[in-house]
Amino acid sequence: SSKIKSPEAESTDDVAVLEDHIDFSLAKTISQFEEKLKKGDSPDCLDDDIIPSTGNEIGAEAQIRLLKAKLRVMQEELDSVVCQCRKKDDENQNLKSQLKATEDENSRLQRTISIQLSHTEKYKMLSQEANKKNEGLKQELIAVEKVLQ
């Protein structure tokens with residue numbers, strides 16, 4: 001499984017950045033957020049439900065810790081979902097390979113059935129020919145017995 005957390009991209013308190021998102025950097029976003037808080041600007045996101053209503057009453061460092069904790073929880077949830085996706089992908093690959101093997105086996109069995117049916121028809125014809133020959137020989141035997149008597 002590929003790594004999700006990049007050790008080079010980790011910022012303070014082990015906040016990770018997804019490698020897949022080139023134009024989005026959590027470290028950059030956090031540093032911008034910290035700069036706004038240091039300057040005394042109220043970040044845009046404080047008004048939505050990220051920080052409780054008492055969020056404006058707590059200090060900037062506490063807000064940062066709270067947001068980082070929430071970020072870590074979200075990262076763990078993302079890691080869990082990614083892990084589940086990988087497991088599902090692996091399961092899908094296994095099921096695809098089983099399906100292919102089953103289809104191959106089905107094709108092989110269909111060919112075998114076809115060959116067996118053609119052999120059955122051939123042997124039926126040979127049996128009918130042998131029965132006709134047998135009847136002819138019986139008739140000939142009866143005729144020879146009559147001649148001998």
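Trainee: What's the mean pLDDT of the chain?
Mentor: The mean is 79, and 70% of the residues reach 70 or more. pLDDT is the predictor's confidence in each residue, from 0 to 100.

Trainee: And where does pLDDT stay under 50?
Mentor: Over residues 1-23, for which the model has 40 contacts beyond four places in sequence. A contact means heavy atoms within 4.5 Å. Where pLDDT is low, the predicted coordinates should not be read in detail.

Trainee: OK. How many helices and strands does the chain have?
Mentor: Two helices and zero strands. Both terms refer to DSSP runs, numbered from the N terminus: helices are H or I with at least four residues, strands are E with at least two.

Trainee: How many residues are in α2, and how far does it reach?
Mentor: α2 has 89 residues and reaches 128 Å from its first C-alpha to its last, close to the expected 132 Å. The expected span is 1.5 Å times one less than the number of residues.

Trainee: Which residues of α2 are buried?
Mentor: Q63, I64, L67, K68, L71 and Q75. Buried means under 20% relative accessible area, exposed over 50%, and partly exposed in between, with a 1.4 Å probe and protein chains only. For the chain, buried residues make up 13% of the 149 residues.

Trainee: What about E61, buried or exposed?
Mentor: E61 is exposed, with a relative accessible area of 61%. E61 lies in helix α2, and its C-alpha is 8.6 Å from that of L37, a residue 24 positions away in sequence.

Trainee: Switching to charges, how many salt bridges are there?
Mentor: The count comes to two, taking a salt bridge as a side-chain nitrogen of Lys or Arg within 4 Å of a carboxyl oxygen of Asp or Glu. In one of them, the side chains of D104 and K100 meet at 3.7 Å, N to O. In the other, R108 pairs with E105, the closest N and O atoms being 2.6 Å apart.

Trainee: How far apart are D104 and K100 along the helix?
Mentor: D104 and K100 are four residues apart in helix α2 (residues 60-148), so about one helical turn separates them. R108 and E105 are also both in α2, three residues apart, about one turn of the helix. An α-helix has 3.6 residues a turn, so residues three or four places apart point the same way.

Trainee: And how exposed are D104 and K100?
Mentor: D104 is partly exposed at 42% relative accessibility, whereas K100 is exposed at 51%. In the other pair, R108 is partly exposed at 39%, and E105 is partly exposed at 35%.

Methods. Residues are numbered from 1 along each chain as its sequence is written. This is a predicted model: local features need pLDDT of at least 70, side-chain atom pairs count only at pLDDT 80 or more; totals for chains, interfaces and linings use all residues. Side-chain values use heavy atoms; hydrogens and water are left out.
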